[in-house]
Amino acid sequence: MISLKHLRLCLFLALPLVVVPTSTAQDYKTPSVAGTELYFIAPQDGEQLTSPVRVQFGLRGMGVAPAGTEKPGTGHHHLLIDVPLPPLDENIVADENHIHFGGGQTETLIDLPAGTHTLQLLLGDQNHLPHNPPVYSKQITIVVMGK
Ligand SMILES: [Cu+2]
């Protein structure tokens with residue numbers, strides 16, 4: 001006769017091994033559309049200008065939708081000022097160097113102190129997460145001459 005204790009042990013050993021795959025960025029990221037281009041309509045790379053600077057975002061291949069809108073093939077713009085690309089498998093932080101345009105805006109006016117600055121665009125999905133593969137522009141450099 002098998003004791004209860006023994007039975008419990010047998011049941012425990014008989015439990016199937018549940019393999020939980022570690023999730024990768026690809027599992028939860030919104031797919032981008034192949035061939036999408038993100039670029040600056042203005043300013044131009046190397047341009048010298050005065051502040052405030054009008055920045056216009058160009059996007060070809062995907063559409064713009066406000067943050068929170070779940071619609072395939074869309075995203076919203078993020079303007080990166082004087083910083084490199086953030087980690088592309090994390091939500092884009094929001095601070096003075098990472099500006100979100102969650103309303104679906106495609107241009108802005110920014111105040112910048114005199115000097116050399118870098119600008120880069122990064123598209124984010126409804127949850128402010130870069131797409132898979134990520135969609136970002138080339139980083140441009142501008143020189144602000146003053147007000
Ligand atoms: Cu965002």
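1. Helices (H or I, at least four residues) and strands (E, at least two) are DSSP runs, numbered from the N terminus. By that count, the protein chain has two helices and nine strands. Along the sequence the order is α-α-β-β-β-β-β-β-β-β-β.

2. A word on the source. This is a predicted model, in which local features need pLDDT of at least 70, side-chain atom pairs count only at pLDDT 80 or more, and totals for chains, interfaces and linings use all residues. Residues are numbered from 1 along each chain as its sequence is written.

3. Next, strand pairing, which requires that DSSP finds at least two bridges between two strands. Strand β1 (residues 37-42) pairs with strand β3 (residues 53-60) through five bridges, in the antiparallel sense. Here Glu37 has Arg60 of β3 as its bridge partner. Strand β3 is also joined to β7 (residues 107-110), antiparallel, by four bridges. Val55 is bridged to Thr108 in β7.

4. Now look at Val135. This residue sits in the loop between β8 (115-124) and β9 (140-144). Val135 counts as buried because it has 21 C-beta neighbours inside 10 Å. The cut-offs: buried means 20 or more other C-beta atoms within 10 Å of a residue's own, exposed means 12 or fewer, and partly exposed lies in between, with C-beta atoms placed from the backbone. In the protein chain, 19% of the 147 residues are buried.

5. What does Val135 touch, not counting residues up to four places away in sequence? Its contacts (C-beta atoms, placed from the backbone, within 7 Å) are Ser32, Thr36, Leu38, Met62, Gly75 and Leu123. Leu121 is 14 residues from Val135 in sequence, and their C-alpha atoms are 8.5 Å apart.

6. Finally, contact range. Of the contacts in the protein chain between residues at least 6 apart in sequence, 67% join residues at least 24 apart.

Key: Two residues are in contact if their C-beta atoms, placed from the backbone, lie within 7 Å.
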